[in-house]
Amino acid sequence: MALSAGSKKIRTAVFISGTGSNLKSLIKFSKLKKSPISIDLILSNNKKAKGLLLGKMFNIKIRIFNFKKNTFTEKKILLFLKKNKIDLICLAGFMKILTKNFIKNFKGKILNIHPSLLPQFKGLNTHERALKNNSKYSGCTVHFVSPKLDSGKIINQKRVKINKNDTIKSLARRILIQEHKLYPKAIMKIFN
Ligand code: GRF
């Protein structure tokens, strides 16, 4: 990939829509000396996203965009990212689909975390579908973002066993714990 981790940390924006627990794990990771990234921007399409509070807590710039899937909003975002010298985007529970054009502008520099073992269960309601499917395992995946939803090159995955009495909630909780470890590992893998 075109990025390289020189002496300076890679300026990163995290896009969120909700709780932001993955954002929190990325912020904590970014503070470590070994981390190749710094988190410099939090962007959300949802002004009520709980994760935005982390911006205040950690003194990170936040920005809310009325994120419609239109070129105008995305152009504004692209300009804003450029102005802030952002070189990497981490999607973390971001519920909007980016356009082809946006992705082209950050080619190979957008990552996403997805709560399933891709290519299984792309899209929404992954835990429910894994349970209905009687899968033995589910898990999480970090991948590069490509124009096709949840289909970009996989960076790493973590398998999580599904228990007999798992509910959507219990499975989601166990997978989320693994997500928090997997995303930093993926970043280490890319830049080392
Ligand atoms: C995570 O399970 C992530 O994989 C999915 O949405 C959830 C976001 O959780 N895309 P959080 O906002 O990071 O707590």
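The shell around the ligand comprises three nonpolar residues, five polar ones and one charged one, where Ala, Val, Leu, Ile, Met, Phe, Trp, Tyr, Cys and Pro count as nonpolar, Asp, Glu, Lys and Arg as charged, and the others, Gly among them, as polar. This is a predicted model, in which local features need pLDDT of at least 70 and side-chain atom pairs count only at pLDDT 80 or more, while totals for chains, interfaces and linings use all residues. Residues are numbered from 1 along each chain as its sequence is written, and side-chain values use heavy atoms, with hydrogens and water left out.

The shell (residues with a heavy atom within 4 Å of the ligand) consists of Thr19, Gly20, Ser21, Asn22, Gly93, Ile113, Pro115, Leu176 and Glu179.

| Residue | Protein atom | Distance to a ligand oxygen atom |
|---|---|---|
| Glycine 20 | polar backbone atom | 2.8 Å |
| Serine 21 | polar side-chain atom | 2.5 Å |
| Glutamate 179 | polar side-chain atom | 2.6 Å |

Taken alone, the ligand exposes 360 Å², of which the protein buries 80%, as computed by the Shrake-Rupley method with a 1.4 Å probe.

Notes
Polar contact = N/O pair within 3.5 Å; in protein donor to acceptor, adjacent residues only side chain to side chain.
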